[in-house]
Amino acid sequence: MKRPIIDIIPENASQQDAATILAVLDQHAALHIGAIEEQPDFAILLRDPDTQAVVGGLYGMDGFGWAFVKYLAVPDEYRGQGLGSRLLAEAEAIARARGYIGVWLDTFEFQARPFYEKLGYTVFGELEGAPNAIPRYFLKKRF
């Protein structure tokens with residue numbers, strides 16, 4: 001068998017390349033865990049009360065038995081009203097309804113680690129900071 005060619009794409013890799021690599025990963029995973037039944041992504045939106053435009057919210061996705069919160073954003077003018085807590089509570093309710101064992105997310109040092117910890121999330125991983133590298137924390141909440 002011939003060895004494959006290594007094609008280095010240092011910038012602007014295509015979505016098609018990513019999809020092809022993911023398909024190879026999925027095929028390999030299926031050999032070990034069977035068919036992967038992914039749940040659809042979910043969102044809890046914050047809308048402007050006058051225009052109904054989306055101004056923030058939470059976007060989550062299936063994480064192989066865990067819900068993964070990919071994005072959570074509350075605009076500055078709406079902070080301090082319990083909206084972040086409510087968004088996470090709704091995501092947790094979706095996760096429970098889907099039979100997941102918990103929720104996980106990540107956050108950078110300048111973001112909201114104490115907020116998540118106050119809501120019962122615990123750190124399970126960390127990427128240390130250095131010049132040009134912002135510390136990043138991985139948190140989970142198991143039901």
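Guide: A salt bridge is present when a side-chain nitrogen of Lys or Arg lies within 4 Å of a carboxyl oxygen of Asp or Glu. The structure above is a predicted model, in which local features need pLDDT of at least 70 and side-chain atom pairs count only at pLDDT 80 or more, while totals for chains, interfaces and linings use all residues. Residues are numbered from 1 along each chain as its sequence is written, and side-chain values use heavy atoms, with hydrogens and water left out.

Visitor: What makes the pair Arg79 and Asp76 a salt bridge?

Guide: The closest N and O atoms of Arg79 and Asp76 are 3.7 Å apart. That distance falls within the cut-off of 4 Å, and therefore the pair counts as a salt bridge. The structure holds five salt bridges.

Visitor: Why is Arg79 called exposed?

Guide: A residue is buried under 20% relative accessible area, exposed over 50%, and partly exposed in between, judged with a 1.4 Å probe and protein chains only. Arg79 has 54% relative accessibility, and therefore counts as exposed.

Visitor: Why is Glu90 called partly exposed, and why is Arg86 called exposed?

Guide: Glu90 has 29% relative accessibility, which places it in the middle class, so it is partly exposed. Arg86 reaches 53%, and therefore counts as exposed.

Visitor: Why is Leu88 called buried?

Guide: Leu88 has a relative accessible area of 1%, so it is buried. Leu88 lies in helix 2. Between Leu88 and Leu72 there are 8.5 Å in space, C-alpha to C-alpha, and they are 16 residues apart in sequence.

Visitor: What makes Ile21, Leu22 and Leu25 a nonpolar patch?

Guide: Patches are made of residues with over 30% relative accessible area and no salt bridge; like charges are joined within 9 Å, and nonpolar side chains (Val, Leu, Ile, Met, Phe, Trp, Tyr) within 5 Å. Ile21, Leu22 and Leu25 form such a patch on the surface, with about 310 Å² of accessible area together. Accessible areas come from the Shrake-Rupley method with a 1.4 Å probe, and for residues only the protein chains shown count as cover. Ile21, found in helix 1 (residues 15-33), has 54% relative accessibility and therefore counts as exposed.

Visitor: What is the largest pocket, and how much space lies in it?

Guide: On a 1 Å grid over the protein atoms alone, a pocket is an open set of points with protein on both sides within 12 Å along at least five of seven lines, whereas a cavity is a set where a 1.4 Å probe fits but cannot get out; lining residues have an atom within 4 Å of a point. About 500 Å³ of space lies in the largest pocket. This volume is the space filled by probe spheres set on the points, which are joined across faces, edges and corners.

Visitor: Which residues line the largest pocket?

Guide: There are 24 lining residues, of which Leu72, Arg79, Ala112, Phe115 and Tyr116 lie nearest its centre. Strand 3 (67-73), helix 2 (83-97), strand 4 (102-108) and helix 3 (113-118) each give two or more residues to the lining. The largest share, five residues, comes from strand 3.

Visitor: What makes Asn132 exposed?

Guide: Its relative accessible area is 86%, so Asn132 is exposed. Asn132 lies in the loop between strand 5 (122-127) and strand 6 (136-142). Although Asn132 is not a glycine, its phi is positive, about 70 degrees.

Conventions:
Helices (H or I, at least four residues) and strands (E, at least two) are DSSP runs, numbered from the N terminus.
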